[in-house]
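Hi,

Here is the structure I promised to pass on.

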Amino acid sequence: MKVIIDASNVAHYGKGADENPLLKNILSSIESLKKLGYEPVIIADASLRHEIDDKEAFNKYINDGEFHQVPSGTTADHYILKLAEEDDAKILSNDVFREYFDEFQDINSRRIPFTLKNGEIDIGTSSKPKKIKNILQKITTETLSQFEKKNMDSYRIKKGKKISGIAIAKEAIDRITKSKKDGIEPKLEGLFMKIPLFEKVMNMVEDAEKTSDFIIFVLVHPKDYRDAVKYAGNIAVTVGDRLKLEHAPLVAVRNDLFTRPGSFELNIIYSDEVIEESLYNVNITINDHDYSFVKKNSRNIASTIAARLGTWKFPIVSVKPSMLMEKPGHFEVILEKGGND
């Protein structure tokens with residue numbers, strides 16, 4: 001991760017009233033950050049080169065491109081905050097940047113404080129970022145609501161159960177048995193990441209209608225995805241054997257932003273009910289503050305949406321920041337014709 005060093009703030013730290021800012025403070029901070037595995041980026045305001053204690057050495061660092069100086073007349077604090085936001089970087093500074101709180105949200109989660117001890121910089125830790133509660137679920141819920149307005153059925157979550165291979169297989173057997181006994185085809189229920197059974201599973205998907213009457217979608221929180229994948233093969237064999245099916249059902253595990261960690265939801269559908277393509281792609285315009293978080297989790301959003309609509313292929317989820325979304329948590333969702341993953 002990049003860490004932008006607020007060179008003026010660091011250089012002024014610990015100096016006496018009549019002393020010049022100290023170049024060694026900057027060099028010490030660079031060394032300390034590199035030891036911690038960070039990539040330092042040194043940004044100084046235009047006046048520092050005239051105030052620093054070792055002007056010749058400082059100017060050489062500037063001329064060699066190792067230190068960067070903001071253009072004359074530019075506010076260094078604003079430049080640093082904007083650069084940190086664009087590069088999703090941290091900032092080494094004891095300046096709290098209070099005057100910029102309205103423009104840049106959650107500055108404290110980016111800012112790393114420091115102290116100076118015996119000529120060496122002691123790096124602190126930044127505050128935890130403030131996350132907008134359930135923003136991913138809110139975006140996904142809004143997206144599903146828009147799909148429903150287009151008359152596309154989506155799965156609504158039921159009651160979660162504690163996750164284990166045996167529990168999943170037992171629940172699948174119960175649901176398939178009930179649907180066959182009642183003579184009612186299960187309603188579209190889906191949620192899946194990438195199908196876990198075999199390396200060439202996508203070829204199996206093409207032949208799903210020929211090889212299996214049922215598809216079992218195991219819906220788990222993203223944290224539990226890998227563990228659930230391990231159960232997939234045993235679940236298919238167990239369900240096929242117990243129900244004496246001609247072909248074992250296909251088992252698909254998908255991330256589910258709505259399922260609690262440690263639990264699962266189960267959707268059973270007939271293979272011929274699965275939609276081959278994702279008919280629409282999803283464009284999300286988000287507040288700048290939430291952009292990195294939502295973009296990082298766009299795959300989970302796509303996975304959740306795809307499975308709830310019963311599609312094999314994910315919609316393309318694009319995330320764009322906008323200054324017009326004035327408050328954290330604000331977003332807009334627009335659907336457009338899709339079909340490709």
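To start with the helices: is the crossing in which α7 passes α13 left-handed or right-handed? It's right-handed. Before you read too much into any of this, bear in mind that the model is predicted.

If you want to find that pair, α7 covers residues 135–149 and α13 covers residues 298–309. Their axes come within 10 Å and cross at roughly 35°. On the α7 side, the contact is made by Leu136, Ile139, Thr140, Thr143, Leu144 and Phe147. From α13, the residues that take part are Ile301, Thr304, Ile305, Arg308 and Leu309. Sorted by class, that contact has seven nonpolar residues, three polar and one charged.

α7 has another partner in helix α12, which spans residues 288–296. Here the axes come within 11 Å, with a crossing angle of roughly 80°. Angles of 65 to 115 degrees count as roughly perpendicular, so that's the label for α7 and α12. In this contact, Ile135, Leu136 and Ile139 of α7 meet Asp290, Phe293 and Val294 of α12.

Most residues other than glycine have a negative phi. Asp88 isn't a glycine, yet its phi is positive, at about 50°. You'll find Asp88 in the loop between α5 (76–87) and β4 (90–92). Phe97 isn't a glycine either, and has a positive phi of about 55°. Phe97 sits in the loop between β4 and α6 (107–110).

How do these two residues stand for exposure, buried or partly exposed? Asp88 is partly exposed, with a relative accessible area of 39%. Phe97 comes out at 0% relative accessibility, and buried means under 20%, so Phe97 counts as buried.

Finally, the overall picture. The protein chain has 13 helices and 14 strands. Of its 341 residues, 47% are buried. The chain exposes about 18300 Å², and carbon and sulfur atoms supply 48% of that area. As for contacts between residues at least 6 apart in sequence, 79% of them join residues at least 24 apart.

That's what I have for now.

Cheers

Note on methods. Residues are numbered from 1 along each chain as its sequence is written. This is a predicted model: local features need pLDDT of at least 70, side-chain atom pairs count only at pLDDT 80 or more; totals for chains, interfaces and linings use all residues. Side-chain values use heavy atoms; hydrogens and water are left out. Helices (H or I, at least four residues) and strands (E, at least two) are DSSP runs, numbered from the N terminus. Buried means under 20% relative accessible area, exposed over 50%, partly exposed in between (1.4 Å probe, protein chains only). Contact means heavy atoms within 4.5 Å. Accessible areas come from the Shrake-Rupley method with a 1.4 Å probe; for residues, only the protein chains shown count as cover. Axes are lines fitted to C-alpha atoms, for helices over the stretch in contact, and angles run from 0 to 180 degrees between N-to-C directions. A crossing is left-handed if the near helix is turned anticlockwise from the far one by less than a right angle, and right-handed if clockwise. Ala, Val, Leu, Ile, Met, Phe, Trp, Tyr, Cys and Pro count as nonpolar, Asp, Glu, Lys and Arg as charged, and the others, Gly among them, as polar. Angles under 35 degrees count as roughly parallel, over 145 as roughly antiparallel, 65 to 115 as roughly perpendicular and the rest as oblique.
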